[in-house]
Amino acid sequence: MQDPSGDDSVASDLERTRHTAELLVDLTRAGWRLVITHGNGPQVGNHLYRTELAHEDANLPLLPLDVCVADTQGGMGYVLQQSLANAFHVAGLPAVVTTVVTQVLVDERDPAFAAPSKPIGEMIPPERVETLRARGWTLEEDERRGGWRRVVASPDPVEIVEGAAIRALIDSGNVVIAAGGGGIPVHQDSDGSLHGVAAVIDKDLASALLAVDLQAARLLIVTDVAEVSLGYGTPEQRPVRTMTVGDGRAALAAGEFPAGSMGPKVEASCRFAEATGAPATVTSIDFAARALAGEDAGTHIAPD
C-alpha cells in the first residue's frame, strides 16, 4: 500500500489502498472470490524502530519483532478492510470483509535465523550506516535503489495456524484478508504451545502456502511492474508472458531474479503451481483484471 516513490504518509497509503480496493472489487465482478494478503516490510521496520526509540528515550516497554508484525498486520488489515468495504458499498455489491490476525508456523532450526536477509523499514542513506550498525542493526546495501536496508531473519513458512478458520470464513461468503506481512512467525513446542519468534516471513511464500491450503484456482501476486522480465535492468531486458515451473527454477538458479525483489515471487509461484496444478500470475494491480481474463498482460507460471 506504500507509494514506491517514497511517500510514506498515511494520506498516501490511504489513497493507494482505495485505488487497490476499487480494482479488487472489479475482480469480484469478473467472478473471482477473493482472499487477500499483503506485505508490511517498510511498516514493520518503522514500528520496530519506534519501539526501540521509545524504550531508550522514555523507558517504555520494548516490543519484540513478532508483536510488531502483529501490530502492523492489524493496522494495515484495518485500512484495507475499510477501503474494501467502502468500495463494495459504492459498487452496490453486498460483501462482508473480515481480517484474520494470522500466525504462521516456522522451524526454529531454519538456517535463515543465522543469516538475516529480509529488508524491513525505510531506505537508509550511506551516512547513517555506521550509526545504525552501532545500535546492533544488520544492514545490507541495495545498490539498485542507492541506499541500505535493515535486514532480519526470514524463515520459510511451514503452516498457516488459522488456515481452518480462514477456510470457514470463505465458505460462509466473507472476503478475507489474512497472512498480512507474511503472518506472525511462531514456533510450536513439543507440548503444542505456540511462541512468537524474532523474524518476518516473506509475504509471497506465505501467500503461496495459504493458497495451496485453500486449493485456490489462481495465485495472483501483485507487484510494481506489469510482468516478470529476464535480464532486468540491462539492455537485454525482455518481458516474459509465460513460463513453466522448470523455466522459473532455472532462471532462479541462474540468478535472474534477486532475493530481495522478484525472486520470492517466482519461487512462490512455482510452489503454488507445483502443489496445485493451477497457474500463478505476477503483474501490477492495474493489469490484474486483464491478466486474469487471459489477455496479453502479466506473467503466468504454469506446472511443467
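Analyst: Let's start with the sheet: it is open, has three strands in the order E1-E8-E2, and the pairing is parallel. Strands here are DSSP runs of E, at least two residues, and helices are runs of H or I, at least four residues, both numbered from the N terminus. This is a predicted model, where local features need pLDDT of at least 70, side-chain atom pairs count only at pLDDT 80 or more, and totals for chains, interfaces and linings use all residues. Residues are numbered from 1 along each chain as its sequence is written, and side-chain values use heavy atoms, with hydrogens and water left out.

At the edges sit E1 (35-36) and E2 (97-99), each pairing on one side only; two strands pair if DSSP finds at least two bridges between them. E2 and E8 (residues 175-177) run parallel over three bridges, and Thr99 has Ile177 of E8 as its bridge partner. Helix H3 (residues 65-91) packs on this sheet and touches E1, E2 and E8, its direction making about 175 degrees with that of E2. Contact means heavy atoms within 4.5 Å; axes are lines fitted to C-alpha atoms, for helices over the stretch in contact, and angles run from 0 to 180 degrees between N-to-C directions.

Now the helix pair. H7 (residues 245-253) and H8 (residues 263-276) pack at about 150 degrees, with axes 9 Å apart. H7 and H8 are therefore roughly antiparallel, a label for angles over 145 degrees. H7 brings Val245, Gly248, Arg249 and Leu252 to the contact, while H8 contributes residues including Val266, Cys270 and Glu274.

Conventions: Angles under 35 degrees count as roughly parallel, over 145 as roughly antiparallel, 65 to 115 as roughly perpendicular and the rest as oblique.
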